[in-house]
Amino acid sequence: GPRSATRFVVFEELKNSNLDILKNDFLCGFIAGTVEAALLQTPNQAIQIKLVHDGCSPQPKLAALPFHLALLRIYQQYGFFNGFFCGLVPACAKGAVTGAIRFFGYHAIIQRLSIISNESVDNNSGRISSTKTTTTKPPAIFSMFAGGISGAISAVVSQPIDTIKANLMGLDAHRYRSSFHCASSIIRSDGPLALWNGVGPRATRVFIEVGLQFTLFEQIFALVDSYFS
């Protein structure tokens, strides 16, 4: 979707820039994840979480409305920023962490797998290339495995940030003064492990989702590259 497209486009543009500092997968992923979170993820999930929380209440007010009217009601009740960009800081933090881990981890695993399979890797792009110096796409199974593993790791690492973000985007966000206050409230109420509630299902979903994203990206990139070359 638009979120994945934004993340990959920003990463590729940064990686292909002339700045040496941006040749680092971790930094490019960090920036790409932040941009995606600020522009798309935050408003998308702020709306989604409000509708889900409202739908679970005894007397739903937003979930029963058509989508465009629900958006108008959110704007009228919470304002523009609190309605659609609440939780921006933890959302950007999560986007930065997941983006950095996924891109860095993906290319590191792909390079390692290529060594095991006696193939060479283009260090600049992270894509597998043959000894004849022609760049080819990684095998789909490599992309699926590398993307899935890096995605699952990013889900476990970023789960506390995601828990805080979800609370700050919900209907009870007014109870929290800041991200730190939200985190401390959760820990005082339910203990530190409460920050990792739901990490199992999320890590499983992200393994499949990110694995598919990287696999499709590599396949489509190679197809488009061969068409225009």
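# How helix H1 meets its neighbours

Student: Which residues of H1 meet which residues of H8?

Tutor: In this predicted model, Ser4, Arg7, Phe8 and Glu12 of H1 meet Gln213, Phe214, Phe217 and Phe221 of H8. Contact means heavy atoms within 4.5 Å. By class, the contact of H1 with H8 has four nonpolar, two polar and two charged residues. Ala, Val, Leu, Ile, Met, Phe, Trp, Tyr, Cys and Pro count as nonpolar, Asp, Glu, Lys and Arg as charged, and the others, Gly among them, as polar.

Student: On what terms do these values hold?

Tutor: The model is predicted, so local features need pLDDT of at least 70 and side-chain atom pairs pLDDT 80 or more, while totals for chains, interfaces and linings use all residues. Residues are numbered from 1 along each chain as its sequence is written, and side-chain values use heavy atoms, leaving out hydrogens and water.

Student: Why are H1 and H8 called oblique to each other?

Tutor: Their axes come within 12 Å and cross at roughly 60 degrees. Axes are lines fitted to C-alpha atoms, for helices over the stretch in contact, and angles run from 0 to 180 degrees between N-to-C directions. Under 35 degrees counts as roughly parallel, over 145 as roughly antiparallel, 65 to 115 as roughly perpendicular and the rest as oblique. H1 and H8 are therefore oblique.

Student: What is the handedness of the crossing of H1 and H8?

Tutor: The crossing is right-handed. That word applies if the near helix is turned clockwise from the far one by less than a right angle, and left-handed if anticlockwise.

Student: How do you know how H1 and H5 are oriented to each other?

Tutor: Helix H1 (residues 2-15) and helix H5 (residues 88-116) pack at about 65 degrees, with axes 12 Å apart. They are therefore roughly perpendicular. Arg7, Phe8 and Phe11 in H1 meet Arg102, Phe103 and His107 in H5.

Student: What makes H1 roughly antiparallel to H2?

Tutor: The two pack at an angle of about 150 degrees, with their axes 8 Å apart. That angle makes H1 roughly antiparallel to H2.

Student: Why is the pair Glu36 and Arg3 called a salt bridge?

Tutor: The term asks for a side-chain nitrogen of Lys or Arg within 4 Å of a carboxyl oxygen of Asp or Glu. For Glu36 and Arg3 the N to O distance is 2.7 Å, and the pair is a salt bridge. Glu36 lies in helix H2 (residues 25-55) and Arg3 in helix H1, 33 residues apart. The whole structure has eight salt bridges.

Conventions:
Helices (H or I, at least four residues) and strands (E, at least two) are DSSP runs, numbered from the N terminus.
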